Amino acid sequence: MKTRLSAAGATVLALLVTVLAFGQPAHAAAGFSVAGGKLYDANGAEFIMRGVNHAHTWYPQQTSSFVDVKALGANTVRVVLSSGDRWTRNTNADVANVISLCKANRLICVLEVHDTTGYGEQSGAITLDRAVDYWLSLADVLAGQERYVIVNIGNEPYGNQNYASWATDNANAIKRLRAGGLTHTIMVDAPNWGQDWSFTMRDNAASVFAADPARNTVFSIHMYGVFDTAAEISDYLGRFRTAGLPIVVGEFGFNHSDGNPDEDAILAYSQANGIGWLGWSWSGNGGGVEYLDLATNFNPASLTDWGQRLFNGVNGIRQTAREASVFGGTPPPTTPPPTTPPPTTPPPTTPPPTTPPPNGGCTATYTVTNQWQGGFQGEVRVTAGTRAITGWTAGWTFANGQRVTQSWNVALTSSGTTVSARNTDYNGRLAAGASASFGFLGSWTGTNSLPVVSCTAS
């Protein structure tokens, strides 16, 4: 189980050293690669994970799960495997079949060894070095799959005790994998049952990244009760972004025995900042966390409330997932896409114009798509009038001192409470009646009333 321990007494450590000092390799066309804190597929297209965890090692017969999560829109599945030290070993043939199932369903496969969970605190947990032995035994299966497979060395490899060697052990594990011929992107989990309340991963990630000769390592934080406020989530993920280090939310839930994570803030911040995530978990949970099942009894037609939220909610999988370009689909954009489609219910939250826009004019609607204490996510949708337009500018004035802190798909400027938002090169030309949208994150105190938005076409 993941245990929340207070970090109030922990020393606030310095910002991570930027990885630019280490340089970045040229894109490796053989498979996934990392550059500038982002993950790129073998075609050089940015890839942002939007998927789920699947407990394959305990439910090997549930092979239809790969079909089901893909049908619900996922682009990635993180697959639980066992080295045989704590549970039945997933054989080379079985892992090869898992990879084939991922590829057949156009899913990127993140493979992880679960036997490391809670090492140093939980009896029977194995070392990262032992996990590397397992990965090297799969070398023949993994070879040639770099375009489709990411290797997650070990799940939550330390508990809340004896985790001081996290950086050294991960650096050594990565070096052994590279020396053994694995050229895949490698993912490493945080200590403290994955939640890094001690900031051990946060403050040592740069050195671990530098230890990888290929500079092709991604970091994974698991967000449960330790991450129960938007401020904690944005601070943790933001430090990796500032340092230029690649970070994903490898696990998270809507609730947990150690506290109530802020899943809405996780989803909103990740979407606004191009951060991948993988929800825990598809089905089959036990030990008191059965409520984390996304589907009841592996049935995709019986999604739980958590499943509905993750797949169909705001900033969820259906709205934001983009298939990896290596499968021949449309590559994901390299800037965050709009966070939500046009709202159908409730109706637009700003009053409609009292008169139709002139020919060639435009209108704009402002919607708060998500809100938490002190912060919110908004979207503005611009719609052309009865003639095509070549550009647009939307503007509004906040009445309650709100501030825009980040935006995407727009050139946005603020002066006090007045905001001006101009189209980018790729979304200014709109046919008659067509729409474009942009999103932003903001802060608020006390009241977050909706402003009236003007729109001017050019």
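**Disulfides and barrel: a short chat**

Visitor: Which cysteine does Cys-102 pair with?
Guide: Cys-102 and Cys-109 form a disulfide, with 2.3 Å from S to S; a disulfide here is a pair of cysteine sulfur atoms within 2.5 Å. This is a predicted model, where local features need pLDDT of at least 70, side-chain atom pairs count only at pLDDT 80 or more, and totals for chains, interfaces and linings use all residues. Residues are numbered from 1 along each chain as its sequence is written, and side-chain values use heavy atoms, without hydrogens and water.

Visitor: Are Cys-102 and Cys-109 buried or exposed?
Guide: Both Cys-102 and Cys-109 are buried (under 20% relative accessible area; exposed is over 50%, partly exposed in between, with a 1.4 Å probe and protein chains only).

Visitor: How many disulfides in total?
Guide: The structure has 2. Cys-362 is joined to Cys-455, S to S 2.0 Å.

Visitor: Which hand does the Cys-362 and Cys-455 disulfide have?
Guide: The torsion about its S-S bond is about -105°, so the link is left-handed. Cys-362 sits in strand E11 and Cys-455 in strand E18, so the pair ties together parts 93 residues apart in sequence. Strands are DSSP runs of E, at least two residues, and helices are runs of H or I, at least four, numbered from the N terminus.

Visitor: Switching topic. What do strands E3 to E10 form?
Guide: A closed barrel of 8 strands, in the order E3-E4-E5-E6-E7-E8-E9-E10, with parallel pairing. Two strands pair if DSSP finds at least two bridges between them.

Visitor: How many bridges join E3 to E4?
Guide: There are 4, between residues 50–54 and 76–81. Val-52 is opposite Val-77 in E4.
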